[in-house]
Amino acid sequence: MMILRPIQESDYPALLNIAHESGHGFTSLPVNEELLQKKIARSVASFGKDADKPFDEGYLFVLEDSDTGEVVGTSGIEAAVGLDDAFYHYHLSKVIHSSRTLDVYKAVDILTLCNDYTGATELCTLFLKDGYRKGPNGKLLSRSRFLFINAHRARFAETVIAEMRGVSDENGESPFWQWLEEHFFSMDFPTADYLTGIGQKVFIAELMPKYPIYVNLLSKEAQAVIGQVHDNTRPAIQLLKNEGFTFNGYVDIFDAGPTVEAKVDNIRTVRNIEKRKVKIGDSTGGYPVMIANDRLVDYRASVIEVNLTDDSGDVILAPHVAAALNVAEGDIVSLTKI
């Protein structure tokens, strides 16, 4: 049985292993032991904190195979980005060059550096180990965060965003960054990506071009990857699009990967959440649902098969499933169909 739960300090070796496996371009999990330990400590503190509005909290979850105890994936939520460190994007828009005298009219794409998503809640740090990219595991790792956000609304903003990994090759080289490096920087993409991941972002403000960049001045290779995702990220962005997330022209400043956004109330999983009372008993067959206990420190979520035809409207859970989810008879749970 796969269980999603808050990360614990004892999960550090597993998180370090995931950081190694995630590779270049996965900014939120750099291979830095001190930083990873701080991320875990920050998450533990965030789950234990009383909060009536989003601020600098970071919630990190792990996906555990309860049969083996192995941690096979991770995902996270940043409560409100940009309130401590500046949160940069490029916004893709158009300017019009026209002259009635010369009968010339031309629309030109430009990239403008901005901080428009300051204060938004961010979905981040999603990674699933290769051997477990099957069945409902990816959906559990991603969509269970929506159940958590819905259960603890005061802790999160109304706008939720997700930065998607942009195009880079097997060596971690980004065509978009190669153009920026040539004209404005003297460091390669893996180095810039790593420095951002460990929180050293001051070089962005110091070296990034302050004026809009005309897209048609970029190399053809750089232009081609603006708003495109890494091959490994295609399932993740498709899942978010199915949830109602949209791309509104914001891209990452390093690899030009797209950022997608949605209002909490418009997210499909949130709209379809049902509240049910737990009944302990024999559970036979049914259909798959994602289910969560709505707690904070002891949050648990999983995908199980249940039969919801009980006349009382309760959800019947087998004893071992109830134990794994940290629920007892009479508790209220959230569930949504897969």
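**Charged pairs and a helix face**

Author: Lysine 129 is buried, at a relative accessible area of 13%. Keep in mind that this is a predicted model.

Reader: Which residue forms a salt bridge with lysine 129?
Author: The closest N and O atoms of the pair are 3.2 Å apart. The cut-off is 4 Å, so the pair counts as a salt bridge. The partner of lysine 129 is glutamate 70.

Reader: How many residues apart in sequence are the parts that this pair ties together?
Author: Glutamate 70 lies in strand β3. Lysine 129 lies in the loop between β6 and α3. The pair therefore ties together parts whose separation in sequence is 59 residues.

Reader: Is glutamate 70 buried or partly exposed?
Author: Buried means under 20% relative accessible area, and exposed means over 50%. Glutamate 70 has 31%, so the residue is partly exposed.

Reader: Which helix does glutamate 78 reach through its salt bridge with arginine 42?
Author: The closest N and O atoms of glutamate 78 and arginine 42 are 2.8 Å apart. Glutamate 78 sits in strand β3, so the pair ties that strand to a part 36 residues apart in sequence. Arginine 42 lies in helix α2.

Reader: What is the relative accessibility of glutamate 78?
Author: Arginine 42 is partly exposed, at 28%. Glutamate 78 counts as buried, because buried means under 20%. Its value is 17%.

Reader: How does aspartate 130 count, buried or exposed?
Author: The side chain of aspartate 130 meets that of arginine 133 in a salt bridge, at 3.6 Å from N to O. Arginine 133 counts as partly exposed, at 43%. At 54%, aspartate 130 counts as exposed.

Reader: How many salt bridges does the structure hold?
Author: Some of the charged residues form a network: Arg5, Asp11 and Glu64 are linked by salt bridges. The total for the structure is 17.

Reader: Why can residues three or four places apart point the same way?
Author: It comes down to the helical repeat. Residues at that spacing point the same way because an α-helix has 3.6 residues a turn.

Methods
Residues numbered from 1 in each chain as written. Predicted model: local features only at pLDDT ≥ 70, side-chain atom pairs only at ≥ 80, totals over all residues. Heavy atoms only, no water. Helix = DSSP H or I, 4+ residues; strand = E, 2+ residues; numbered from the N terminus. Buried < 20%, exposed > 50% of the residue type's maximum accessible area, 1.4 Å probe, protein only.
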